[in-house]
Amino acid sequence: MKNKILLLITLFTAVLFTACDNKTQNNEEIKETKKEVLKVGMELAYPPFEMSDIDGNPQGVSVDFARKLGEHLGREVVIENTAWAGLIPSLKTGKIDLIISSMTITEERKKSIDFSTPYAQSSLAILANKESGVTSIDELNVSGKKIAVKKGSTGHVYATKNLKNAEILVFDKENACVLEVVQGKADGFLYDQLTIYKNYVQHKDTTVALLKPFQKDFEYWGVALRKDDPLKTKVDEFIKEAKANGTFDKFANKHLKEAKATFDELDIPFFF
């Protein structure tokens, strides 16, 4: 009888330890398969870079960029759709890990956040009303002319500093700026070249796209990170590799093919 009891105890103990070992192993497997989340902030209101499809799913150049970066880092990417004015505050308070939202690297922004190495270059351009007679930036800087700008954009900054003779109309949304020009309420809208080109294509009957750069230097876009974030080194590494292996060229061919052809025809340097 005692031998039977000992045998049962031994069998029970073996089963218990086996179950514990299996549970531990399963937990370890779950930990290995569950990736750390990378929260990427962007304003999904800037096609073809940041936008949503008809079902509300994020898509565009920056979305593809973020997902490829996530693959490089071994992290699961979650896109956080955030209003432009809230992007930097969200980054600084830790609600997001980084910003990929066609953000220009500026000295003012660098006072509070860090940027990756540049991944794209751009310059301001003009969407002019067809009846305005405007053919250059100087023709906007005169009394009586009205210029639409998006609040907080580099176009807003440029107009405030350099176009003091004109009336500057400030709006929260890009679409509002475009509408002012289309309706003839503003003579021109200052924004980056690709956005100007895109809106011209949609409003050829009422607008003219002046894509030739009028600034001395190009603007550069970068991934925004918190100050002294060690993640910057890995992001810079990815950008360097993506430029070398054609990843950015694939982004352009997928989302910007017609625009790139136009830029090449006008002999204007393209983004990537």
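The entries below record what I looked up in this model, which is predicted.

Entry 1. I searched the whole structure for salt bridges and found 14.

Entry 2. I then turned to arginine 226 and aspartate 97, whose side chains meet in a salt bridge at 3.9 Å, N to O. I placed arginine 226 in the loop between strand 14 (224–225) and helix 7 (231–244), and aspartate 97 in the loop between helix 3 (84–92) and strand 5 (98–99), so this pair ties together parts that are 129 residues apart in sequence. I noted that arginine 226 is partly exposed, its relative accessible area being 25%, whereas aspartate 97, at 16% relative accessibility, counts as buried. I also followed these two residues into a network of salt bridges, in which Glu36, Arg75, Asp97 and Arg226 are linked.

Entry 3. Within helix 7 I looked up aspartate 236 and lysine 232, which are four residues apart and so separated by about one helical turn. They form a salt bridge in which the closest N and O atoms are 2.9 Å apart, and I recorded lysine 232 as partly exposed with a relative accessible area of 26%.

Entry 4. In helix 9 (residues 257–265) I checked aspartate 264 and lysine 260, again four residues apart and therefore separated by about one helical turn. Their side chains meet in a salt bridge at 3.3 Å, N to O. For accessibility I noted that aspartate 264 is partly exposed at 46%, and that lysine 260 is also partly exposed, with a relative accessible area of 27%.

Methods: Residues numbered from 1 in each chain as written. Predicted model: local features only at pLDDT ≥ 70, side-chain atom pairs only at ≥ 80, totals over all residues. Heavy atoms only, no water. Salt bridge = Lys/Arg side-chain N within 4 Å of Asp/Glu carboxyl O. Helix = DSSP H or I, 4+ residues; strand = E, 2+ residues; numbered from the N terminus. Buried < 20%, exposed > 50% of the residue type's maximum accessible area, 1.4 Å probe, protein only.
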